[in-house]
Amino acid sequence: MGLSKNFLWGGATAANQAEGGVLEGGRGLSNVDLLPTGPDRKKVASGDLEMLEWKDGYYYPAKEAIDMYHRYMEDIQLFAEMGFKVYRMSLSWSRIFPNGDDLEPNEEGLVFYESIFEELKKHNIEPLVTIAHFDVPIHLIKEYGGWKNRILVDFYSRYAETVLKRYKGLVKYWLTINEINILLHQPFVGGGIVFKEGDNKLEIIYQAAHHQLLASALATKIAHEVDSENMVGCMLAGGSHYPYTCRPEDYQEAINRDREGYFFIDVQARGKYPNYALKKFEREGLNIQMEEGDYAILAASPVDFVTFSYYCSRTVSAHPEDYAQATGNLFPSIKNEHLPSTEWGWQIDPLGLRNSLNQMYDRYQKPLFIVENGLGAIDIPDENGYVADDYRIDYLRKHVRALKDAVEIDGVELLGYTTWGCIDLVAASTGQMSKRYGFIYVDRDDEGKGTLNRTKKKSFEWYKNVIASNGEEL
Ligand code: BG6
């Protein structure tokens, strides 16, 4: 009983939400740099060409974020103090290829990540590196239309090959594309896609999906050629869908909604388009351009492990009138009266994590890795600046119990667990700093004010002990 002694405990961040330094080190701009806070964030996120440059009167939180660009040594030191075995982070594509289509990479960008990996190595922390976490260089959007253009497969492959070769021996665990199914819900964030009047949006989205799936398979192939030790994973925005009632059509809706996400992982993990997707393309008249040889590329390089983020489950119905009380943000969900919610309406469901692990393990029979999980909450420091975040400890404790049950009782193969936003960072959906996930408090507010100083919260000591006891003391 118990988790394996090699279980990878740690935390996760992403470049655009933590790094900042967007105008430093020869870096170019990406879609996510240009998402302001406030109501217009949604406008930009839905792909407004006019907004694809810095505008006066807006605050862009990614510009400085939590300034990890300059403070990574201090942050890694704190992760090491908690006993992290793994740290999940992402590379900024435009830090390495500022325009995306450059023939040569930006050496300063490559050196920056090399220094991070060297620092992690000193502390025996294994990096888990996401090659693309919601970022597409702006030039690739303006010049080529983002991922809807097949040429992105070549640019991404060049980028992937560059980093895989350069960091050989320093990085073993790689993820190709973060939350690949976000493309369906936020095509600008997930794929740098801007629609024109009259576009067949769904066709464009699935065309871009085909390109990302090809690019992911090619990166997996390159990773294995560069170093046979490399382990490559795919990444899903996870969380199962529950039928609102036991009406069969609600259950069918839940299956269909699960499949919207599993579609991507089915291709990445099994190397083949599932029949239900091909039938959907046919039925809905979606004409997806594929070249001869594409199926062979997908079949040749399935991923080694399957990863996902898990924050909540979702409840769906076949009857539109049931959505009168919808909640959640990216994925609309009917309020589940059996579950409590976070301040942002995300429904807290630890057993749902165990169920998702089982569902995915049954489906893929590959090792799994929970690469994001956590509670976004408003933290109020006391007069000494200390945050007693018992609510976060409670959330995490219940989810760790659930993952242990999945491993110990159900026999799911789980490589590790990285909590999201192990240090407070910018929220992806809202751009807020006040939606905090960390064990480490960062003094920064929603307008960009604050010292950026780091302080340990109560959950810091709690998680340290969880790791030290390999999940026995919760
Ligand atoms: C996932 C993303 O969607 O959820 C992260 O991979 C994101 O980038 C996280 O930060 C939590 O969402 P939010 O909007 O609370 O930051």
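Mentor: This is a predicted model. Begin with helix α7, residues 151-166, and helix α10, residues 201-226, whose axes come within 9 Å and cross at roughly 25°. The two helices are therefore roughly parallel to each other, since angles under 35 degrees count as such. The crossing of α7 past α10 is right-handed. On the α7 side the contact is made by Val-153, Tyr-156, Ser-157, Ala-160, Glu-161, Leu-164 and Lys-165. On the α10 side it is made by His-211, Leu-214, Ala-215, Leu-218, Ala-219, Ile-222, Ala-223 and Val-226. Sorted by class, the contact of α7 with α10 has 11 nonpolar, two polar and two charged residues.

Ser-301 is found in the loop between α13 (294-300) and β7. The relative accessible area of Ser-301 is 9%, so this residue is buried, the cut-off being under 20%. Leaving aside neighbours within four places in sequence, Ser-301 is in contact with Ala-217, Thr-220 and Lys-221.

The strand itself, β7, covers residues 305-309. Five of its five residues are buried, so β7 is largely enclosed by the rest of the structure. In a regular strand the side chains alternate between the two faces of the sheet. In β7 both faces are covered: Phe-305, Thr-307 and Ser-309 are buried on one side, and Val-306 and Phe-308 are buried on the other.

Next come the strands that pair with β7. Strand β5, residues 231-237, pairs with β7 in the parallel sense over five bridges. Among the bridge partners, Met-235 has Thr-307 in β7, and Ala-237 has Ser-309 in β7. Strand β11, residues 368-372, also pairs with β7 in the parallel sense, over four bridges. Here Thr-307 has Phe-369 of β11 as its bridge partner.

Eight strands close into a barrel in the order β1-β2-β3-β4-β5-β7-β11-β12, and the pairing is parallel. On average, neighbouring strands of this sheet are turned by 25° against each other, direction ignored. Helix α5, residues 107-122, packs on the sheet and touches β2 (86-90) and β3 (126-132). The direction of α5 makes about 170° with that of β2. Helix α16, residues 458-468, lies across β1 (8-12) and β12 (414-420), and runs at about 150° to β1.

Methods: Residues numbered from 1 in each chain as written. Predicted model: local features only at pLDDT ≥ 70, side-chain atom pairs only at ≥ 80, totals over all residues. Heavy atoms only, no water. Axes fitted to C-alpha atoms, helices over the stretch in contact; angles between N-to-C directions. Parallel < 35°, antiparallel > 145°, perpendicular 65-115°, else oblique. Left-handed = near helix turned anticlockwise from the far one by under 90°. Contact = heavy atoms within 4.5 Å. Nonpolar A, V, L, I, M, F, W, Y, C, P; charged D, E, K, R; others polar. Buried < 20%, exposed > 50% of the residue type's maximum accessible area, 1.4 Å probe, protein only. Pairing = 2+ DSSP bridges.
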